[in-house]
Amino acid sequence: MPKTLVIVESPTKAKTLGRYLGSDYVVESSVGHVRDLPAKAAEIPAKYKKTPWARMGVDVEHDFEPLYIVQPGKSDTIKRLKKLASEVDRIFLATDEDREGEAISWHLLEVLAPKVPVQRMVFHEITKSAILDSLDHTRDVDMNLVSAQETRRIIDRLYGYEISPILWRKVAPRLSAGRVQSVAVRLIVEREEERIRFRPSEYWDLAATFATREKQEFAARLTSIDGRRLALGKDFDPETGKLNREDVVHVDADESGRLAALLAGADFRVVSVEEKPFKRSPAAPFATSTLQQEGNRKLRFDAKRTMRAAQLLYENGYITYMRTDSVTLSAEAVQMIRSEVLSSYGKEFLPDSPREYRSKVKNAQEAHEAIRPAGEKIRSVDEVRAKFGDDAAKVYELIWKRTMASQMTDAAGRRMTVQVEAEAEGKKYLFQASGSTIDFPGFLRAYVEGSDNPEAALADQETLLPPVREGDPVDAKSLAAEQHVTTPPARLTEASLVKLLEESGIGRPSTYASIIDTILRRNYVFRKGSALVPTFTAFAVVRLMREHLKTLIDVGFTASMEDRLDEISRGELESLPYLKEFYFGNGHPGLRPLVERKAEEIDPRDICTIPVPNNGRTGELVVRVGRYGPYLQRGEETASLPEGICPDELDPAKAEALLSQAKRADEPLGTDPESGKQIYAKSGRFGPYVQLGELDPDDKKNRPKTASLIAPMTLETLTLDQALQLLSLPRVLGQDDAGVDVVAHNGRFGPYIKRGDDTRSLTADDDVLTVELPRALELLAQEKKGRSFRRQSTPLKVFENVEQLGGKEIKLLSGRYGPYVTDGDVNASLPRDITDPQTLTLERALELLEARRGAAPSGKGKTKAKAKAKAKSKAKAKRKTKAKSKAKSKRKAA
């Protein structure tokens, strides 16, 4: 009987489709991309290695021809797919319906070169009805979408490979530049620069509590004096701290105290009562970026974690496609949602006609649906939790509540304003109280943006005022002067960065998670709570690009590139002319001439020098970004900067303290009586420590012994005796009954006891410097808490008779560095987003192992590869020497 091969990207998706398509279809997974540009020199085919463009993987002199290679570890996958392709009558390529999915389908078509008809099969949800419907609406691969994705890939490669080497030479090794990544870093740095320039301002007002005749109290605040409004935070210049307008009254501490005393005995009356109705409409259903933003705000998930859960839900048929710019809903989906609203909340929560939404996002691409629950009914959160764990359940609940709310009625309420006036010294003092009440919750019953609990959020939105009339007298129960201080602009969080990127038309929502992950891994940014804080390395890189490669980091220029890529995807612009314009230039400098001209102009010392703000003291106080990290310098004085210091927190006082601390570190604390060496107390990137002896920079082997300080020790209070005790660690406490040494250590994660391979952490009440053998043995006798991976041999989970591995089994084990899966040949660590290892599915385990198979070799394999390469190099050198010797002999003979 004729068969059809359906190829998707992931094993999970393949399994779900297989359930719906039946025995006439063979569903297989490519496990992601099968071809890409070479990631490193070792992947470049031998015949291209000597070409000048091979490193980049794009032949810029011959129409930007990309060099695609089969990705490492994918040869077996391609063999399997080719074999299946030869056994069927037709092939459906069912990769995701976005540009990247279209490109994967095209690469599969190129690699497999099938001799049977091939069609593209697309759907936005993995449900039986959607899959069966897509069989009747297959199409050819859309080459416009492929061209747009291929152009994007080439531009990103050219950008990264031309600019990253400049960063290596001028700033620090192992840095990277990216078309969207560098702009994201710029936005984060510029927000920090705003905070550095910020100057706080102080202003005061009066807070009053009034009571009506019926003894009902309400709070109000002084807002104007004789018709002139009191100054608020928005009236001060954030960079000078000065008032930037003359038509307001700036009340200081003394004046506010005087006014409180002055008005204490005044008569107050109500001069205005105003009540206005308001309505609030629900937000649109989720697109990718808004899902990431709410995941960050409500769940405290980073973008990567939210998208990982969404991918799992999509591939198992619980939500629609999760990479989309669209906020529209299909007619069938709207009908299903309206039915759910009616049954769950009642008729009064259902609007007369369906709500329609249109994307406001610049460059919204391919008209997919919004992210919503898939299928004909909404599944329960408990069902999702039981199958896929907490993360997936939380994201699913977020999606279904937002979708439901999008088709519910407006919230309705009233806003009330009461103004109270008093007269003193010939002036009128106006106080104002505001309140609101929700008369009908509407969509707020289901979903409130940024809130975990709609009921609690509804209560928070209500501030009731007592019923008063104009002319009513009120008593001032209290009058208190209140201080207010302006605050610097908030740092960007993942949610606000994603929103800013999307509003600026930079990048695509589907790439934001990986961009944020990259800038964190490359040490451009670190997290402080939910905020993204730039490092001094980021400051140096942004300065280099703003001063020398300004166009390439310009927000408008980067957004315009997205416009051009969209034009290519619609068939309105050809790829090749645009690539030539971008790289070689056309009326403006292209990437290559710009880089060639600027590369030698850049002074690395100047670029890597960042002045400490507000430095009015003698001597220039600067931060320098060195090859091994940032440090502080003034003249000949230097000091390490502690890991995680925020740039806006490094003021002259803090800098002076660090320099003083470093200066004291050069003065010995005392002498070690045993070795006669000097002992120094120092501060390093990873905190304070003591050092025994001098450091010889030329002696790489014999480094002086060091020991970290233990809380509550500080460099200022550290004594010689304490330093000697720290340097005595590890300290042998004695032997157990079997004669094995019991040793006290101070490790990276705190003090602990060790006996052989057995360890126990010390408690907060134990002191590693004074703990004795009996207490250590007592701790070792206790059951080990936490991750005792080395001693644990029982698998956490076993997948038996795995068909894809020829009947082998996959085990989930606990290792020294966390849980991992193994098939006996390959080990793969579980990613951080899997918070509960027991929720791991077979499909995800296969994906992890497949990805690991394609990664660079490690362990013994890596050692063997290095040894082989070394032997090959040695043999080559030997042959070269032999040839030179032979030539020399011939010359002598001649």
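1. Start with Q293: this residue is buried, at a relative accessible area of 5% (buried is under 20%, exposed over 50% and partly exposed in between, with a 1.4 Å probe and protein chains only). Q293 sits in helix α8, residues 288-299 (helices are DSSP runs of H or I with at least four residues, strands are runs of E with at least two, and both are numbered from the N terminus). Beyond its neighbours within four places in sequence, Q293 is in contact with A495, V498, K499 and E502 (contact is heavy atoms within 4.5 Å).

2. A note on the source: this is a predicted model, where local features need pLDDT of at least 70 and side-chain atom pairs count only at pLDDT 80 or more, while totals for chains, interfaces and linings use all residues. Numbering runs from 1 along each chain as its sequence is written, and side-chain values use heavy atoms, with hydrogens and water left out.

3. Now V498, in helix α14 (residues 494-503). V498 is buried too, with a relative accessible area of 1%. Its contacts, leaving aside neighbours within four places in sequence, are S289, Q292, Q293, Y512 and I516. Check A303 as well: C-alpha to C-alpha, V498 and A303 are 8.9 Å apart in space, yet 195 residues apart in sequence.

4. On to the sheet. Four strands form an open sheet in the order β2-β1-β7-β8, with parallel pairing (strands pair if DSSP finds at least two bridges between them). β2 (25-29) and β8 (118-120) are at the edges with a single partner strand each, so one side of each has no neighbour in the sheet.
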